[in-house]
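Here is a short report on nonpolar packing and aromatic pairs. Please look at the structure first.

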Amino acid sequence: MTKLFLGAALSVAMLGTTAFADDCQSGQCLEEGSQIGAFHVTKVAGAEEDGVEVGEKLCYRCRYGSRPMVMVFTRTTEGKLPEFVQKLDKAVESHQDAQLKGLVTLIGGESEKMKKSGEKFASAAKAKNIPVVVSDDANGPSSYKIPEDAEVAIVVANESQVVASHTYKADAIDIADVMKHVQEMLN
């Protein structure tokens, strides 16, 4: 009976810690509490009023500092990604007082193709507050541990630390769960 109880308690504890970060158990993404590092990108579209020109190279993560942010790393612009970015864009707009920031970083492809794809994506997603950028590192910043087979990796961070991190197939992004983590971070 004790073994059964301990097994059930362990299962519940494991479920509680893996609801958003199941990929992180194998060290395949940033874990909660990890520091987020700098990485360089080139802006291709979106966030027209953020003071950064299209074509400019910079570190948006550095620009955002320790503000609350949602960083999306993606190898595709398909699936639920446009819907997610629209929701994130609205959240950034409605949480200006908290200085919430967002960023979509295209990775995993040839730079010129990604730039064209990013321009189309930003227009389709109506990313008024979310810059769409191309990473200088083909597979994204190595310190972010983005699995090579991940279509989309989302990192929610505040005070320069990971609040939540997860990878998805583009058509399986759990938008409600990510936005719940964003809301919890802001409260």
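Which residues do ring pairs link into a cluster? They are F39, F73 and Y144. The model is predicted.

**Aromatic pairs**

Searching the whole structure gives four aromatic pairs. Two of them involve F39.

| Pair | Centre to centre | Angle between planes | Geometry |
|---|---|---|---|
| F39 and F73 | 5.4 Å | 55° | tilted |
| F39 and Y144 | 5.2 Å | 75° | edge-to-face |

F39 counts as buried because its relative accessibility is 3%, under the 20% cut-off. F73 is buried too, with a relative accessible area of 1%.

Y144 lies in the loop between strand 5 (132-135) and strand 6 (152-158), so its pair with F39 ties together parts that are 105 residues apart in sequence. Y144 is buried, as is F39.

**Nonpolar cores**

The largest nonpolar core holds 33 residues. V72, F84, V85 and I154 have the most contacts inside this core. Helix 3 (residues 81-94) supplies its largest share, six residues. Leaving aside residues up to four places away in sequence, F84 touches V70, V72, I154, I173, I175, V178 and M179. A second, separate core has 21 residues, among them I36, V52, Y64 and V155.

Key: Residues are numbered from 1 along each chain as its sequence is written. This is a predicted model: local features need pLDDT of at least 70, side-chain atom pairs count only at pLDDT 80 or more; totals for chains, interfaces and linings use all residues. Side-chain values use heavy atoms; hydrogens and water are left out. A nonpolar core is a set of buried Ala, Val, Leu, Ile, Met, Phe, Trp, Tyr and Cys residues joined through side-chain atoms within 4.5 Å. Buried means under 20% relative accessible area, exposed over 50%, partly exposed in between (1.4 Å probe, protein chains only). Helices (H or I, at least four residues) and strands (E, at least two) are DSSP runs, numbered from the N terminus. Contact means heavy atoms within 4.5 Å. Rings of Phe, Tyr and Trp (its six-membered ring) pair if their centres lie within 6.5 Å; planes under 30 degrees apart count as stacked, over 60 as edge-to-face and the rest as tilted.
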